Amino acid sequence: MATILIVEDDALLLDALSGQLAQQGWDVLTASSVPQARTALQAQAVDGVILDLGLPGGDGMDVLVWARKHITGLPVLILTARDGIEDRVRGLNSGADDYLTKPFDMLELQARLQAMLRRSRQPAFLQASAGPSTTVGCLELDHGARTATLQGQTLELTQREWELLELLVQRVGEVVTREDVLAVWHASPLEPGQPATALNSNALEVYVHRLRKKLDTSSLSIRNIRGLGYMLEKP
Ligand code: CA
């Protein structure tokens with residue numbers, strides 16, 4: 001289950017929130033000030049943050065700005081009593097993924113939290129919209145939403161995994177060369193300004209390995225074509 005950090009200085013609310021989320025199966029970390037939040041984020045990998053803005057020792061926005069600078073792709077949901085439009089815009093402009101104002105409904109918070117984590121596991125999903133799809137055996141790809149379902153189950157894919165899988169599916173039965181994959185990756189940086197040198201063929205092997213595991217339960221296989229690349233084969 002995912003680990004969530006709750007940053008909140010209202011002790012009662014913090015207790016209630018962490019209790020509820022823990023009961024739902026989340027691993028919960030807590031912090032009640034800006035320094036504590038930073039320490040928690042540095043000490044442990046978390047999957048998402050619920051962030052209050054009015055905090056002792058600084059504005060919650062400082063945590064957001066800090067996290068954006070130091071932790072790639074960390075989903076942050078701002079939970080605050082500040083409901084002014086300027087606050088909302090400022091929060092979202094600073095890179096918050098969602099914004100919920102107090103008082104809030106616990107079920108809504110949980111739903112938003114889950115949606116936020118789903119999106120973050122599949123960054124490309126942000127531009128989601130239903131589109132043309134391709135089916136290979138029991139695997140179906142929706143190219144608009146950039147989602148894949150295997151035997152009716154949605155696969156959890158990172159952006160790189162999705163791009164690799166899409167390429168393999170588009171050329172099922174043909175060789176996809178390393179250069180083909182690297183060209184696609186090169187054209188779609190994960191972060192603006194990310195150096196292209198971060199993408200190499202060792203990384204490609206890791207992604208192929210991961211995709212193989214995800215296709216494990218199906219009859220599809222990714223064959224290694226020595227010296228050339230990879231081929232998606234259906235039986
Ligand atoms: Ca507060």
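Author: We can go through the metal site, a histidine and a helix in turn.

Author: Please keep in mind that this is a predicted model, in which local features need pLDDT of at least 70 and side-chain atom pairs count only at pLDDT 80 or more, while totals for chains, interfaces and linings use all residues. Residues are numbered from 1 along each chain as its sequence is written, and side-chain values use heavy atoms, with hydrogens and water left out.

Reader: Okay, what coordinates the calcium ion?

Author: The calcium ion is coordinated by Asp9 (OD), Asp52 (OD) and Gly54 (O), at 2.2 to 2.4 Å. Donors here are N, O and S atoms within 2.8 Å of the metal (3.2 Å for Na, K and Ca), and water is not among the atoms, so sites may look incomplete.

Reader: And where do Asp9 and Asp52 lie?

Author: Asp9 lies in the loop between strand 1 (3-7) and helix 1 (11-23), and Asp52 in the loop between strand 3 (48-51) and strand 4 (54-55), so the pair ties together parts that are 43 residues apart in sequence. Helices (H or I, at least four residues) and strands (E, at least two) are DSSP runs, numbered from the N terminus.

Reader: Are those two buried or exposed?

Author: Asp52 is buried, with a relative accessible area of 4%, whereas Asp9 is partly exposed at 37%. Buried means under 20% relative accessible area, exposed over 50%, and partly exposed in between (1.4 Å probe, protein chains only).

Reader: Switching topic, which side chains make polar contacts with His143?

Author: The His143 side chain makes a polar contact of 2.5 Å with the side chain of Thr134, and another of 2.6 Å with that of Glu166. A polar contact is a pair of N or O atoms within 3.5 Å; within protein, one must be able to donate a hydrogen and the other to accept it, and residues adjacent in sequence count only if both atoms are side-chain atoms. His143 itself is found in the loop between strand 9 (139-142) and strand 10 (147-150), and counts as buried at 19% relative accessibility.

Reader: Last one: which residues of helix 1 are buried?

Author: Leu13, Leu14, Leu17, Ser18 and Leu21 are buried in helix 1. They cover an arc of only 120° around the axis (taken from the directions from the helix axis to the C-beta atoms), which puts them on the same side of helix 1. The face turned away from that buried side carries the exposed residues Ala11, Leu12, Asp15 and Gln23.
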